[in-house]
Amino acid sequence: MFDLNEAIAAWRSELSAGSVCGRSDLDELEAHLRDETDALQSRGLSGQEAFWIAAHRLGSAAALAPEYAKVDPLRLWLSRLCWVAGGILAWHVLSAVANIAASGCAYLGHVVGLTGYWLGGLAVGAQFLALGSAAACAGAVWWLVTCRRIAARAPRGSIGTWPAALAGAGAILLLTLGSVVASALQFRGMALADIGQVAVVRSIAGLAWSVLLPMLLVGLILWLRRRSWKDAAAAQ
Amino acid sequence: MPSKELVAASARPVILAILARGESYGYAIIQEVRHLSGGEWEWTEGMLYPVLHRLQREGLIQSRWVASPQGRRRRYYRLRQDGSRALKEESRQWMLANSMLARLLEPKPCST
């Protein structure tokens, strides 16, 4: 069964991708879409037919986005900058979580009697496991939030903005401190040779990661560029 | 059908002229253009809004949100004084282009 509100919510989320259209822009376009849908329905079209024709007349997201982007380029770049800053912050948090896991595991490994390179291997394994699970959790949360917002049309920022921001800042501070303390504590009571071997294994893994990460990022950028070229070609 | 370029170039004065008649919102402006052109002048409707927003940034029009009796919120646009001046200047240019074309296309007097 066709649900107009659901269709409009999906249409809005498609338009809001890329942060080109702000909330008030989307509200304005939605009012137009609803006016047009009503007018077409009053001429005898079904809700679904009316919605599709109205959305087609309004124009696709790929066609509208460049026009909206021209109105206020500064706002668009600021919002992109915001996403970049968010990404860097998320990476900082992920690194802190991974470091706590690695240091904690190295310490636990030492307590149960592991030595040298085994301890280093355990630390690196824990680090990557923590990175993977944190990324998976973030993905799951994002997916849940997006799906629920589309289904329920929940407005953005329904949680109080200030309490949420303070809680976020507190969590980031705690994680950063925890990461530093864990780094310092992991070597407590270890032999000097063990400390050196753990450090060697962790730095080799760090080196491999610092080579792999830029390659992955370049691959991602190329893939995104190809997608946007395809979208632009499809829009013409 | 008019060319894309002509539609795009005339959007500004057409919108200003419609708003000179009184406050209006996007959907109503589109309907008016369709009515005035006898259905020949078709805009990709969503393209109207970036033009309106640009006019607003230039200080030619201003907007406010109004709730309809059915509870639907619409953004109404109104011409400002600078907008009236811009409309006068734009219409002068369009009239000039129009009169030039009319004189060029009028039948030549017979020389014989």
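How many helices and strands does chain B have? Chain B has four helices and three strands. This is a predicted model, and chain A in it comes to eight helices and zero strands.

**Chain A overall**

- From the N terminus on, the elements of chain A run α-α-α-α-α-α-α-α.
- Chain A has 236 residues, and buried residues make up 19% of them.
- Among the contacts in chain A between residues at least 6 apart in sequence, 73% join residues at least 24 apart.

**Helix α3 of chain A**

- Helix α3 of chain A covers residues 47-58, which is 12 residues.
- Which residues of α3(A) are buried? They are Ala50(A), Phe51(A), Ala54(A) and Leu58(A).
- Seen down the axis of α3(A), these buried residues fall within an arc of 100°, so they line one face of the helix.
- The partners of these buried residues are α1 (4-16) and α2 (23-42) of chain A, against which they pack.

**Helix α7 of chain A and Ser179(A)**

- Helix α7 of chain A covers residues 161-185, and Ser179(A) lies in it.
- The 25 residues of α7(A) should span 36 Å at 1.5 Å a residue; the end C-alpha atoms are 36 Å apart, which agrees.
- Does α7(A) lie largely in the open or largely buried? Of its 25 residues, the number buried is one, so α7(A) lies largely in the open.
- Ser179(A) is buried, because it has 21 other C-beta atoms within 10 Å, and a residue counts as buried at 20 or more.
- Leaving aside neighbours within four places in sequence, Ser179(A) is in contact with Ala96(A), Asn99(A) and Ile100(A).
- Ser179(A) and Ala102(A) are 77 residues apart along the chain, while their C-alpha atoms are separated by 9.6 Å.

**Chain B overall**

- Read along the sequence, the pattern of chain B is α-β-α-α-β-β-α.
- Chain B has 112 residues, of which 23% count as buried.
- For contacts in chain B with a separation of 6 or more, residues 24 or more positions apart account for 50%.

**The sheet of chain B**

- What is the order of the strands in the open sheet of chain B? The order is β1-β3-β2, and the pairing is antiparallel.
- The edge strands are β1 (24-25) and β2 of chain B, each of which pairs on one side only.
- Strand β2 of chain B covers residues 61-67 and pairs with β3(B) in the antiparallel sense over seven bridges.
- Within this pairing, Val66(B) stands opposite Arg74(B), and Arg64(B) stands opposite Tyr76(B).
- The strands β2(B) and β3(B) form a hairpin with five residues between them.
- Gly71(B), in the turn of this hairpin, has a positive phi of about 95°.

**Where the chains touch**

- The contact takes 19 residues from chain A and 15 residues from chain B.
- On the side of chain B that touches chain A, the elements that give two or more residues are α2 (26-36), α3 (48-57) and β3 (73-79) of chain B.
- Of these elements, α3(B) gives the most, with five residues.
- By class, this side of chain B has seven charged, four polar and four nonpolar residues.

**Nonpolar cores**

- In soluble globular proteins, nonpolar side chains tend to be buried together.
- The largest nonpolar core has 31 residues, and those that touch the most other members are Ile15(B), Leu16(B), Leu19(B), Leu52(B) and Ile61(B).
- Both chains supply this core: α2, α3 and α4 (61-71) of chain A and α1 (4-20), α2, α3 and β3 of chain B each give at least two residues.
- Not counting residues up to four places away in sequence, Leu16(B) touches Leu60(B), Leu79(B), Gly83(B), Ala86(B), Leu87(B) and Glu90(B).
- A second, separate core has 15 residues, including Cys105(A), Leu122(A), Val124(A) and Ala130(A).

Definitions and conventions
Residues are numbered from 1 along each chain as its sequence is written. Chains are lettered from A and ligands numbered from 1 in the order in which they are written. This is a predicted model: local features need pLDDT of at least 70, side-chain atom pairs count only at pLDDT 80 or more; totals for chains, interfaces and linings use all residues. Two residues are in contact if their C-beta atoms, placed from the backbone, lie within 7 Å. Ala, Val, Leu, Ile, Met, Phe, Trp, Tyr, Cys and Pro count as nonpolar, Asp, Glu, Lys and Arg as charged, and the others, Gly among them, as polar. The expected span of a helix is 1.5 Å times one less than its number of residues. A residue is buried if 20 or more other C-beta atoms lie within 10 Å of its own, exposed if 12 or fewer, and partly exposed in between; C-beta atoms are placed from the backbone. The arc is that of the directions from the helix axis to the C-beta atoms. A nonpolar core is a set of buried Ala, Val, Leu, Ile, Met, Phe, Trp, Tyr and Cys residues joined through C-beta atoms within 7 Å. Two strands pair if DSSP finds at least two bridges between them.
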